Amino acid sequence: METLAPLVLLAPLVGFLVNALFGRRLPRPVVGWIGAGSVGLGFILSLAILIQLLTGAKPLDQTYFTWWRSGDFNVPFNLYVDALSTLMILVITGVGFLIHVYSIGYMREDRGYSRFFAYMNLFVLSMLLLVLSGNLVWLIIGWAGVGLSSYLLIGFWFERTSAVLAARKAFVMNTIGDVGMIFAAFLIFLNLRVMDYTAIFGRVHQLPKGGLVITAICLLLLVGAVAKSAQLPLHTWLPDAMEGPTPVSALIHAATMVTAGVYLVARMHLLYDWAPTAAATVAVVGGVTAFFAATIGTAQVDIKRILAYSTMSQIGYMFLAVGIGAYAAGMFHFMTHAFFKALLFLAAGNVIHAFHDDQDIRHMGNLRAGLPITFWTFLIGTLSISGFPLLAGFFSKDEIIRSALNAAGSEFWLGVLALITAGLTAYYMFRLFFIAFGWEWLSRDERHLHEAPPIQTVPVVILATGGVVAGYIPVANFLSPIFGNPVEVNIAVVIGLAGLSVLVALAGFGIAYLLHARRPELAVAWRTRLGPLHILVEHKYYIDELYDLVFVRPGFALARLLNDRIEPRVIDAAVNGVAEFFLVEAKEFRLIQTGRVRSYALWTLGGAIGVVLVVAAFLGYLPVRLG
């Protein structure tokens, strides 16, 4: 295992270097398969690690070299491989490989083909470093690498102003989280004098439980997690990230970037168990974000933005789970979500291509005949995310809701909020499905739509299979060495709560069917009746406008003040004043340079006499003594 772990990192690194340095000289098929193949190789190596763990191998904490040593500050390059990191790398490389394969077809006409695959490999490399690193320093390096890669991919089509602005927004928001991470690392080192996980987990009990220090550490870590996972209030970058190519959206939303925050809390679970206030904050942030994003998703018309808010909501479920201590349930939902969300984004990409980059669902409909594979796979993804029985999303989401409803205290109400959110999820996803895909009665036109090529449909079919069967994988048992054995729950409670969640999902489906399939005129009437509330949700509660008013505009005003007033009148004036002073003095001293020997001799004689007088005064030969 100590050899396999670094090879998992090396595979996408080689793909990145080859495509970045030589990609323009290589044929496009070679570029695409180097990019996809390197991630596929990482998946095979990850499977080998999984097999070793399942056959009794112990978790690995292997140091390969010391990167930095200064006093008692020691930063080794060590990789930490256990069940949690193995689950993460399997999903990152497995789902990531399918997205890379899909990209070979989706990006085939793009001028930046090799650049795209280089960025994608860099993204996967950064995410793998994040989850495999065995200390906080290398985790932060991987964390920053994911932020950089997302900036490059979101702004991939840099000719578009909207893409550049979206990339900048994502970078700024994630940098806020990076600062929180760095301060958390400072506090950990100042109080525990270590940075590697094993030592941190061994010394955390030296801090008072629920004390100021451990709570501050966990809240600062949460700042990083919230920014990376697009939770309230640092969420506004995620919908704008849809400016990148659709495979980028799938990679960011499904298997990698936005799940990093969930991984961070799960990895640091011993710290959060020691800081109940911080853990409760995680749960509240997750539960509120899940509901908040779901409400926004009910009023959007851009197919990718609906899926973006869906991602925010589903990540909120994961935060709720890890916040209440149901870590295995949160990671279980992470895995199932990776399948059905990647499926939904890639299927949406097929639709967008068929409609020549039009993403407005109101311009679509009646796609079953023209795009049959995309139609049925998207339906599977919709059913899975909505929590319909026997599909992957049903098992993982139901486990989170059950854990929250069984929790003591105020966490019960977060479970109620999660249950309501499940109904909203079914509603907005079937609203999307009925409007964008539709059945025969929704639209009858003479468009000649064509299904995507196999290079794009085969990955979608595989992901659809995962969206069905992934719920049967015993993730909780696999993670039990880290989080403990699953809590035994009465079977009657399990069946009762499962039935309740199904009824809520069916209610969401029924409302969507009535308003957007059977009687669309009712949707128009209800939009008019709701009036200001619908406008509020449609405009995303005006959070972007609020941030623009409170932060962006004052920032620009301050920048203009500094640029127009402070810099020219204070900074430049000070620098120029010093220069002018020496210029004036230089003009005065220039009068000495006459070019006449007699004048120079006189100055030399005067200087010599001055030196003699000073020396004489020091030696006491003059009435005035200097020394």
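Let's start with a charge above a ring: R529 lies over the face of W526, 4.7 Å from the ring centre. Please keep in mind that this is a predicted model.

**Aromatic pairs**

W67 belongs to strand 1 (residues 60–70) and W138 to helix 5 (residues 136–154), so the pair ties together parts that are 71 residues apart in sequence. W67 counts as partly exposed because its relative accessibility is 43%, whereas W138, at 12%, counts as buried.

The rings of F375 and W376 make another pair, with centres 5.0 Å apart and planes at 85°, so this one is edge-to-face. F375 is buried at 0% relative accessibility, while W376 is partly exposed with 41%. Both residues also belong to one aromatic cluster, together with F378, F388, F430, F433, F434, F437, F509 and Y513.

The two pairs are set out here:

| Pair | Distance between ring centres | Angle between planes | Geometry |
|---|---|---|---|
| F375 and W376 | 5.0 Å | 85° | edge-to-face |

**Nonpolar cores**

Which residues touch the most other members of the largest nonpolar core? They are W237, L271, Y272 and M331, in a core of 189 residues. Helix 15 (residues 327–354) gives the largest share of this core, with 18 residues. For a view around one of these residues, pick Y272: leaving out residues up to four places away in sequence, Y272 touches C218, L221, L222, V265, A278, A279, V282 and Y327. There is also a second, separate core of 17 residues, with A404, L414, L419 and A422 among them.

Helix 4 (residues 113–132) has 20 residues and reaches 29 Å from its first C-alpha to its last, close to the 28 Å expected at 1.5 Å a residue. Of its 20 residues, 19 are buried, so helix 4 is largely enclosed by the rest of the structure.

H100 sits in helix 3 (residues 83–106). Is H100 buried or exposed? With a relative accessible area of 0%, H100 is buried, because the cut-off for that class is under 20%. Setting aside neighbours within four places in sequence, H100 is in contact with G35, A36, V39, F117, M120, N121 and V124. Of these contacts, F117, M120, N121 and V124 fall within the residue range of helix 4 (residues 113–132).

**An exposed lysine**

For a contrast, turn to K58, which is found in the loop between helix 2 (28–54) and strand 1. K58 counts as exposed because its relative accessibility is 71%. Not counting residues up to four places away in sequence, K58 touches M1 and L53. The C-alpha atoms of K58 and G510 are separated by 49 Å, and the two residues are 452 residues apart along the chain.

**The domains**

Finally, zoom out to the whole chain. The protein chain is divided into domain 1 (3–537), domain 2 (538–592) and domain 3 (595–626). Between the C-alpha centres of domain 1 and domain 3 there are 83 Å.

How values were computed:
Residues numbered from 1 in each chain as written. Predicted model: local features only at pLDDT ≥ 70, side-chain atom pairs only at ≥ 80, totals over all residues. Heavy atoms only, no water. Helix = DSSP H or I, 4+ residues; strand = E, 2+ residues; numbered from the N terminus. Expected span 1.5 Å × (residues − 1). Buried < 20%, exposed > 50% of the residue type's maximum accessible area, 1.4 Å probe, protein only. Phe/Tyr/Trp six-rings, centres within 6.5 Å; stacked < 30°, edge-to-face > 60°. Lys NZ or Arg CZ within 6 Å of the ring centre and 35° of its normal. Core = buried A, V, L, I, M, F, W, Y, C linked by side-chain atoms within 4.5 Å. Contact = heavy atoms within 4.5 Å. Domains from an automatic or database assignment.
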